[in-house]
Amino acid sequence: MWSNFFMQQEDDARVGGHVGIGAGGGGGRSKTRARSSHMTEGQEGKIKMAFFVAIVGVTLTVLGLGAEFWVELAQPKHFQNNQSCQLVHYGLWKACTRTLWVSDIDPERDSCGPAELPGESNCTYFKFYTSGENAVIFKKTTDKNLSLASAMLAVFSLFLMMMGSVCIIMSLTKSVPFLLKPASVCFLISGILILLSILVFHQSVLALLASDHSVPLHYEFSWSVACVGSAGAILLVGGILFLLLSLPFNPFRKCIIHQNDSV
């Protein structure tokens, strides 16, 4: 009787051990699934570095869009008299007319400027967005359609930057990588749009100069265009980085393995 009792206990222990192993395997698989759906610390660090790159692009975009130093239109230095001259610098939203002293200008420079020199300034906002009126600068008329198109492209680009930033912040706070793809799309499209905004703005400047030829003008793009152009390139790089981080595999490592296998 005792021998049968001990044999039954051993059989129960074996069955319990097999059940425990099966349950442990299921728990391991569930943990593996949970880990696969969340990002690791290494992935989180890479996402933060890419997000820093994108934030630099967003900052440069905001700085460039808010300034009125996209282009400078300058009269010849002695067009009016030998004492003062005028130039206009403007951006997407307003234009500023500056009166400078000829004595402060570089003797080797033929046109009035640059705008950083001391002088009187008078700034006015464009009426494209209120009454729909064109602006007149040195008897030249702006092209309302091109100016509005350039501004709308820039605003829509800024909106996409904000959407991409929200996606990255949610991805980091929730520790989920699936929001990287929509963020990469937002940053890529925003970079393309802000570069298109610069091209359309350039066309608007050419249309302004071609509207009247009675006043000779020298034009040059200023530091705001450099900021916005750099921002567009940085946003494209940030979008590509987010796209690479969203892939389920490392493309560089896969290419290296493929080359080693072919050798």
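Analyst: Strands are DSSP runs of at least two E residues, numbered from the N terminus. This is a predicted model. With that numbering, the second largest pocket takes the largest share of its lining, three residues, from S4.

User: Which strands supply at least two residues each to the lining of that second largest pocket?

Analyst: They are S3 (94-101), S4 (119-125) and S5 (136-137). The lining has 13 residues, and those nearest the pocket centre are Ala95, Thr124, Phe126, Ala135 and Val136.

User: What is the volume of the second largest pocket, and how do its lining residues divide by class?

Analyst: The volume is about 260 Å³. Seven of the lining residues are nonpolar, four are polar and two are charged.

User: How many cavities of 30 Å³ or more does a search of the whole structure find?

Analyst: The search finds one. The largest cavity has a volume of about 100 Å³. It is lined by 14 residues, with Tyr90, Gly91, Ser147, Phe201 and Ser204 closest to its centre. Helix H3 (144-174) and H4 are the elements that give two or more residues to this lining.

User: Which element gives the largest share of the lining of the largest cavity, and how do the residues divide by class?

Analyst: H4 gives the largest share, four residues. The cavity lining divides into eight nonpolar, five polar and one charged.

User: H4 also packs against other helices. What describes two packed helices?

Analyst: Two numbers are used, the angle between the helix axes and the distance between them. For H4 (residues 180-210) and H5 (residues 223-246), the angle is about 160° and the axes are 8 Å apart. H4 is therefore roughly antiparallel to H5, since angles over 145 degrees count that way.

User: What is the handedness of the crossing of H4 and H5, and which residues make the contact?

Analyst: The H4 and H5 crossing is left-handed. On the H4 side, the contact residues include Leu180, Phe187, Gly191, Ile194 and Ile198. On the H5 side, they include Val225, Gly229, Gly232, Leu236, Gly239 and Leu243. By class, this contact has 15 nonpolar, seven polar and one charged residues.

User: How do H2 and H4 cross, and how far apart are their axes?

Analyst: The axes of H2 (residues 41-66) and H4 come within 12 Å and cross at roughly 30°. An angle under 35 degrees counts as roughly parallel, and H2 and H4 are therefore roughly parallel to each other. Their crossing is left-handed. H2 contributes Ile47, Ala54, Val58, Thr61 and Leu65 to the contact, and H4 contributes Leu180, Phe187 and Ile194. Seven of these contact residues are nonpolar, one is polar and none is charged.

User: Which peptide bond is cis, and where is its proline placed?

Analyst: The bond from glycine 113 to proline 114 is cis, with omega near 5°. Proline 114 is in the loop between S3 and S4.

Technical notes. Residues are numbered from 1 along each chain as its sequence is written. This is a predicted model: local features need pLDDT of at least 70, side-chain atom pairs count only at pLDDT 80 or more; totals for chains, interfaces and linings use all residues. Side-chain values use heavy atoms; hydrogens and water are left out. Axes are lines fitted to C-alpha atoms, for helices over the stretch in contact, and angles run from 0 to 180 degrees between N-to-C directions. Angles under 35 degrees count as roughly parallel, over 145 as roughly antiparallel, 65 to 115 as roughly perpendicular and the rest as oblique. A crossing is left-handed if the near helix is turned anticlockwise from the far one by less than a right angle, and right-handed if clockwise. Contact means heavy atoms within 4.5 Å. Ala, Val, Leu, Ile, Met, Phe, Trp, Tyr, Cys and Pro count as nonpolar, Asp, Glu, Lys and Arg as charged, and the others, Gly among them, as polar. On a 1 Å grid over the protein atoms alone, a cavity is a set of points where a 1.4 Å probe fits but cannot get out, and a pocket is an open set with protein on both sides within 12 Å along at least five of seven lines; lining residues have an atom within 4 Å of a point. Grid points are joined across faces, edges and corners, and a volume is the space filled by probe spheres set on the points.
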